[in-house]
Amino acid sequence: MLQGTYINNIHCLRIVDLLKETEAGSKNMFGRSQRMKDWCEILKLHEKDGVYLAEVAQILMRNVNYEVTALKKQIVKCKQIQKDMGNKIKSELLSLVKHLPAEFDRITTATRDLKEPVNLYEMFIEFTLKKF
């Protein structure tokens with residue numbers, strides 16, 4: 001979180017939230033840890049006279065100018081990929097359909113050889129059912 005040299009109000013809020021969880025057991029005689037007290041003071045100074053509003057406005061402007069534009073480009077790119085994949089799937093299915101008649105012919109040829117085993121099976125079933 002502290003990778004950059006610039007810490008804004010949002011970073012301070014996150015740090016205080018994390019300290020609320022991690023520093024809950026370590027309190028001094030005044031009820032807070034020194035670390036928590038220091039970060040609350042920094043947060044208070046940021047919020048004094050609305051100074052943090054300028055930081056937030058700067059972040060919003062950066063997001064609007066760069067992030068939103070990049071996301072719009074990414075959406076267009078993803079839609080194009082989706083369209084290309086849809087066309088590719090359609091053409092692949094159509095090419096597979098062309099092979100169906102030959103596949104059906106192969107299956108019918110192969111099943112012709114099964115005529116005798118099927119007849120024997122039918123005779124077996126007839127014979128066994130007559131016994132009971």
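Select Glu55 first: beyond its neighbours within four places in sequence, Glu55 is in contact with Tyr6, Ile7, Asn8, Asn9 and His46. The model on display is predicted, and Glu55 belongs to helix α3, which covers residues 51–98.

A polar atom of the Glu55 side chain lies 2.9 Å from the backbone nitrogen of Asn9.

Side chains of opposite charge can pair when their charged atoms come close. Arg106 and Glu103 form a salt bridge, with 2.6 Å between the closest N and O atoms, and the structure holds one salt bridge. Both residues are in helix α4, three residues apart, about one turn of the helix. Glu103 has a relative accessibility of 33% and therefore counts as partly exposed.

Turn next to the cysteines. The structure contains zero disulfides. Select Cys40 and Cys12: Cys40 is in no disulfide, and the sulfur of Cys12, the nearest cysteine sulfur, is 10 Å away.

Finally, colour the chain by pLDDT. The mean for the protein chain is 85, and 90% of its residues reach 70 or more. Confidence is lowest in helix α2 (residues 34–47), with a mean of 86, and highest in helix α4 (residues 100–112), at 90.

Methods. Residues are numbered from 1 along each chain as its sequence is written. This is a predicted model: local features need pLDDT of at least 70, side-chain atom pairs count only at pLDDT 80 or more; totals for chains, interfaces and linings use all residues. Side-chain values use heavy atoms; hydrogens and water are left out. Helices (H or I, at least four residues) and strands (E, at least two) are DSSP runs, numbered from the N terminus. A polar contact is a pair of N or O atoms within 3.5 Å; within protein, one must be able to donate a hydrogen and the other to accept it, and residues adjacent in sequence count only if both atoms are side-chain atoms. Contact means heavy atoms within 4.5 Å. pLDDT is the predictor's confidence in each residue, from 0 to 100. A disulfide is a pair of cysteine sulfur atoms within 2.5 Å. A salt bridge is a side-chain nitrogen of Lys or Arg within 4 Å of a carboxyl oxygen of Asp or Glu. Buried means under 20% relative accessible area, exposed over 50%, partly exposed in between (1.4 Å probe, protein chains only).
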